Amino acid sequence: MTTSSEIAKFLTSLAVAMDAQSIRYCVLHGWQAIEHLPSDWDIVVASQDLLKFERLLAHLGQIVQMFLYSASAFYFVVALREEPKVRLVSVDASTEERRRGQVVFSAEELLSGRRRWKGFWVAAPEKEFAYLLTKKVAKGAFPEHQKNRLQELYASLGAESQGITERLFGKRWGQRITQWLAQGDWAALEANVPALQRAFWWQTLKRDPLNLLRYWLPELRRIWLRWRYPTGLVVAVLGPDGAGKSTLLQNLQSTLHKAFRRTAIFHFRPFLVGRKGSERPVTEPHKYEPYPWWLSVLKVAYYCLDYLLGYWLKVKPKLVRSTLVLYDRYY
């Protein structure tokens with residue numbers, strides 16, 4: 001796991017290099033806590049600069065993972081070699097903001113008015129306010145630190161904040177949102193999230209009737225490419241009982257989880273068919289008499305069926321969703 005100071009050092013180097021190569025970007029939120037980033041770094045990059053940005057990441061470290069989690073959003077995991085360890089840093093770069101089946105903001109919208117902050121380009125207050133508010137409404141969750149930030153932005157923007165909320169959610173809901181923010185009434189805002197999601201969806205569609213088409217055509221292509229070229233990985237750990245497979249699996253899971261969306265562990269086979277047995281190590285493998293040959297052949301066929309169907313129905317979908325699949329033993 002990368003320490004906060006190491007993350008800050010890497011991101012500072014990245015920002016200096018982006019300026020040197022005239023890459024237009026801005027940090028969307030959370031730059032005030034760069035020393036204590038909770039997860040990945042969210043930035044928007046001008047679409048024409050995306051290839052330069054990827055090459056720059058590869059120059060500063062080694063890109064060990066990249067997946068397209070929406071048609072215009074790229075999640076990069078960069079490995080930094082610091083003997084005797086390898087540090088992983090994740091960067092979330094998008095060329096437009098897409099949510100709930102719609103294109104919400106273009107890169108040009110989010111980049112306009114960007115400003116300098118301690119060597120970084122960061123989003124303008126009105127852009128950060130719109131971005132954070134729509135993102136939290138779409139997710140239906142408002143962490144405490146982002147509630148505080150939204151209220152700070154609301155206070156600094158003054159009357160301008162109501163114009164932003166009305167444009168995004170319509171006049172009726174926009175006025176309610178600014179009223180709730182003024183009163184700090186987060187309970188009312190959170191209770192009305194489903195209605196706000198619908199209002200935002202319709203308001204976006206009214207401004208841009210072709211929005212759904214612009215969203216789904218690239219998205220269908222992305223889904224097909226993700227199925228064809230999964231970004232997950234299967235790793236099988238083999239060895240006799242007592243060799244330390246379980247410890248190694250736990251270490252792999254804790255060390256590599258940042259390079260994947262999630263992790264999953266299978267014990268010997270997918271268990272699509274049959275009942276999952278005990279996971280305890282076998283201490284007396286020759287305690288029982290061997291099976292007759294015909295039963296052994298049937299068991300091999302049974303296992304083959306489980307591996308074949310289990311791969312397509314259980315394992316492959318996990319790989320498509322960028323999962324690190326770990327096997328404790330394998331066929």
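Buried means under 20% relative accessible area, exposed means over 50%, and partly exposed covers what lies in between, using a 1.4 Å probe and protein chains only. Glu219 is counted as buried because its relative accessibility is 4%.

This is a predicted model, in which local features need pLDDT of at least 70, side-chain atom pairs count only at pLDDT 80 or more, and totals for chains, interfaces and linings use all residues. Residues are numbered from 1 along each chain as its sequence is written, and side-chain values use heavy atoms, with hydrogens and water left out.

## Around Glu219

Helices (H or I, at least four residues) and strands (E, at least two) are DSSP runs, numbered from the N terminus. Glu219 sits in helix H10, residues 211-228. Contact here means heavy atoms within 4.5 Å. Leaving out residues up to four places away in sequence, Glu219 touches Ser70, Ala71 and Arg98.

## Salt bridges

A salt bridge is a side-chain nitrogen of Lys or Arg within 4 Å of a carboxyl oxygen of Asp or Glu. The structure holds 14 salt bridges, and the table shows some of them.

| Salt bridge | Closest N and O atoms |
|---|---|
| Lys52 and Asp49 | 3.9 Å |
| Arg99 and Glu97 | 3.0 Å |
| Arg214 and Asp208 | 2.3 Å |

The surroundings of these residues are worth a look. Lys52 is partly exposed, with a relative accessible area of 30%, while Asp49 is buried at 7% relative accessibility. Arg99 and Glu97 are both buried. Arg214 is partly exposed, with a relative accessible area of 40%. Glu219 comes back here too: salt bridges that share partners join Glu96, Arg98, Glu219 and Arg222 into one network.

Lys136, in helix H4, is buried yet has no salt bridge. Lys and Arg count as positive and Asp and Glu as negative, with His and the chain ends not counted. By that count, the nearest side chain of opposite charge to Lys136 is Asp42, 7.7 Å away. Setting aside residues up to four places away in sequence, Lys136 touches Ala141, Phe142, Pro143 and Gln146.

## The nonpolar cores

In soluble globular proteins, nonpolar side chains tend to be buried together. A nonpolar core is a set of buried Ala, Val, Leu, Ile, Met, Phe, Trp, Tyr and Cys residues joined through side-chain atoms within 4.5 Å. The largest such core has 35 residues, and Phe129, Phe169 and Leu196 touch the most other members. Elements that each supply at least two residues of this core include strand E7 (102-106), helix H5 (144-157) and helix H9 (193-207). H4 gives the most, with 6 residues. Not counting residues up to four places away in sequence, Leu196 touches Val137, Phe169, Trp173, Ile177, Trp180 and Leu189. A second, separate core of 27 residues includes Leu14, Leu56, Val89 and Val91.

Strand E2 covers residues 41-45, and because 5 of the 5 are buried, E2 is largely enclosed by the rest of the structure. Trp41, Ile43 and Val45 point one way from E2, with Asp42 and Val44 pointing the other way. In a regular strand the side chains alternate between the two faces of the sheet.

Two strands pair if DSSP finds at least two bridges between them. Strand E1 (residues 25-27) runs antiparallel to E2, joined by 3 bridges, and Tyr25 has Val45 of E2 as its bridge partner. E2 and strand E5 (residues 85-94) run parallel, joined by 4 bridges, and Val44 stands opposite Ser94 in E5.

Val45 is also a contact of Leu50, along with Phe74 and Thr95, once neighbours within four places in sequence are left aside. Leu50 belongs to helix H2, residues 50-60, and counts as buried at 15% relative accessibility.

## Aromatic rings

Rings of Phe, Tyr and Trp (its six-membered ring) pair if their centres lie within 6.5 Å; planes under 30 degrees apart count as stacked, over 60 as edge-to-face and the rest as tilted. The count by this rule is 19 aromatic pairs. Phe67 and Tyr75 are stacked, at 5.0 Å centre to centre with 20° between the planes. Phe67 is buried, with a relative accessible area of 1%, and Tyr75 is buried at 7% relative accessibility. Trp173 and Trp180 make a tilted pair, because their ring centres are 6.4 Å apart and their planes lie at 50°.
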